[in-house]
Amino acid sequence: MMAAAMRLVNRSILTPGMDRQFLAFSSAAHLRTVGLRAADALPEKVKMVEVGPRDGLQNEKTVVPTETKIKLINMLSESGLAVIEATSFVSPKWVPQMADQTEVMKGISKKPGVSYPVLTPNLKGFQAAVKAGASEVAIFGAASELFSKKNINCSVEESLQRFDDIMKAAKEAAVPVRGYVSCVVGCPYEGKVAPEKVAHVAKRLYSMGCYEISLGDTIGVGTPGSMTEMLEAVSKEVPLSALAVHCHDTYGQALANILVALQMGVSVVDSSVAGLGGCPYAQGASGNVATEDVVYMLHGLGIQTGVDLQKLMDAGAFICRTLNRKTSSKVAQATCKL
Amino acid sequence: MKSFIVPQEIVPTRVKIELIDMLSATGLSVIEATSFVSSKWVPQMADHTDVLQGIQRAPNVRYPVLTPNMQGFQDAIAAGATEVAVFGSASETFSRRNINCSIDESMLRFEEVINAAKEQQIPVRGYVSCALGCPYEGCIEPPKVAEVAKRMYEMGCYEISLGDTIGVGTPGSMFKMLQKVMKDVPVDALAVHCHDTYGQALPNILTALQMGVSVVDSAVAGLGGCPYAQGSTGNVSTEDVLYMLHGMGIQTGVNLNKVIEAGDCICNALGRQTNSRVAQAKGRTL
């Protein structure tokens with residue numbers, strides 16, 4: 001097979017007198033993206049939030065037996081991950097893959113120092129979660145009106161009001177709440193999403209009491225350009241230390257997007273072991289970024305994650321065998337075949 | 001002996017020509033067409049002359065070809081080549097295993113080619129493989145990469161493409177390597193050739209761009225696996241790189257949809273799936 005290697009030539013946009021570090025762009029935000037120097041101080045440590053057992057498995061075609069989920073979570077607990085999203089207290093009517101939510105919560109071996117947040121879309125889910133032993137929960141907002149309506153059947157504002165109930169109950173029970181914002185750089189229905197809208201929703205969730213806001217590129221259309229623009233807007237309303245990025249790799253952009261987020265000061269990254277969880281909006285396309293690939297990049301940058309890559313890969317290999325699917329992690333693929 | 005081309009099934013000449021012709025219409029300004037290596041070593045490139053003579057060369061597009069030695073160079077010129085490329089390595093072991101000689105010996109060979117090329121005013125591009133790691137030696141120190149890049153640049157290569165041959169590089173090692181190389185070769189004369197074997201190609205390319213590099217090598221549909229990790233990906237997909245660059249407002253002059261079409265076409269002809277995530281996603285969205 002011919003290795004047809006091609007070259008993109010951008011030289012025309014370098015003008016004399018312009019600092020070599022910058023390529024000419026039309027907008028300041030884009031300038032900033034590339035102007036972020038590679039040598040910019042990166043965080044020393046990054047907290048990895050593992051969403052494989054929930055976000056990942058929820059979006060896999062195969063329904064996974066309870067024991068398998070428990071084993072997966074236990075293996076992940078041994079890999080050094082400090083946060084593992086265990087399950088979702090959504091009605092099994094809507095998400096049958098998470099119907100065993102209580103058994104999973106009760107069945108896992110909770111490792112000291114590891115947090116096992118669960119999704120709670122409403123007060124009922126919250127109460128069931130706490131009863132099942134959850135000590136951290138997460139709520140899901142959207143930056144897109146259409147997405148909110150199609151996904152959870154209500155407007156963004158209505159969803160935020162629903163969360164008020166959860167926030168009150170969580171405060172009383174001293175249960176920390178993480179907030180997710182989906183469609184932060186693009187929506188499958190609305191297309192482009194305004195950074196100000198994302199900032200508005202993020203700010204609301206943060207002011208309500210969420211300790212951290214995870215910004216999700218739900219359909220993976222973001223690039224370092226749109227990512228920086230969005231983060232600039234959001235970081236005006238929410239401190240960077242309270243932000244996380246949840247990038248999808250549907251267009252192969254996840255690692256590049258995570259890199260610019262780190263360069264801007266974000267130090268919490270969501271990912272899914274083996275890249276579990278395809279994209280529900282692009283049949284057969286990839287979804288979540290693979291934890292192995294993120295960890296490989298972070299370690300290569302000298303950033304500490306606390307994660308043992310080999311143990312992580314073992315967990316990935318296990319779940320892929322069980323699901324009878326290939327891993328979406330390139331690191332896992334390459335490591336197995338050298 | 002292995003080269004950078006993955007030994008797989010032989011692609012018919014007319015399919016190669018069709019691919020190059022489609023790529024010529026996308027806005028790409030440089031398309032590496034073939035290799036004038038002995039067909040004994042690289043049977044997939046045995047039709048090099050037919051390919052070079054069969055393609056419809058678009059104006060404003062260049063079609064460099066690989067020429068490992070004088071024999072290859074002369075054959076390339078006879079076939080109508082107007083730009084050539086030579087392939088060095090930052091790793092001694094890789095050089096010996098891949099082209100059967102030490103780095104020093106390879107430089108002598110290249111010098112011959114470059115001098116002959118100078119006489120005929122044929123530009124020569126230099127490649128340095130194993131710039132971020134070697135399948136045999138492991139870690140490759142930046143000073144070694146800089147030394148080889150500098151030699152090739154000073155011999156007369158107009159541009160040096162730094163290749164992460166086994167895709168092990170990360171933004172960390174890319175930064176360190178470029179920092180060193182840029183002390184010896186002007187950034188204007190540098191290109192990056194990243195492999196995506198460990199999924200690191202796009203962040204590595206981004207790092208290079210942030211440091212001032214403005215030339216990026218890639219392969220449509222991510223053609224070309226990794227010969228050192230059976231079944232793994234190799235070249236980064238042109239489509240995915242373009243998507244990132246355009247998303248950042250960087251001009252490339254390339255039409256992404258036309259590249260996707262070319263990629264779909266070659267993948268159909270080869271009976272394989274694209275490695276490009278962009279192509280996969282675009283083929284399947286609501």
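I took two strands as paired if DSSP finds at least two bridges between them. Strands (E, at least two residues) and helices (H or I, at least four) are DSSP runs numbered from the N terminus. Glu50(A) has Ile84(A) as its bridge partner in S3(A).

The model is predicted, so local features need pLDDT of at least 70 and side-chain atom pairs pLDDT 80 or more, while totals for chains, interfaces and linings use all residues. Residues are numbered from 1 along each chain as written, chains are lettered from A in the order written, and side-chain values use heavy atoms, without hydrogens and water.

I then followed strand S2 (residues 47–50) of chain A to strand S10 (residues 268–271) of chain A; the two pair in the parallel sense over four bridges. Met48(A) has Val269(A) as its bridge partner in S10(A).

Next I turned to chain B, which has 11 helices and eight strands. Its radius of gyration is 18 Å, close to the 19 Å from the globule rule for 286 residues, so chain B is as compact as a globular protein of that length. The radius is taken over C-alpha atoms, and the rule is 2.2 Å times the number of residues to the power 0.38. I noted a box of roughly 55 × 45 × 35 Å along the principal axes for the C-alpha atoms of chain B.

Buried residues (under 20% relative accessible area, 1.4 Å probe, protein chains only) make up 62% of the 286 residues in chain B.

Note on methods
Buried means under 20% relative accessible area, exposed over 50%, partly exposed in between (1.4 Å probe, protein chains only).
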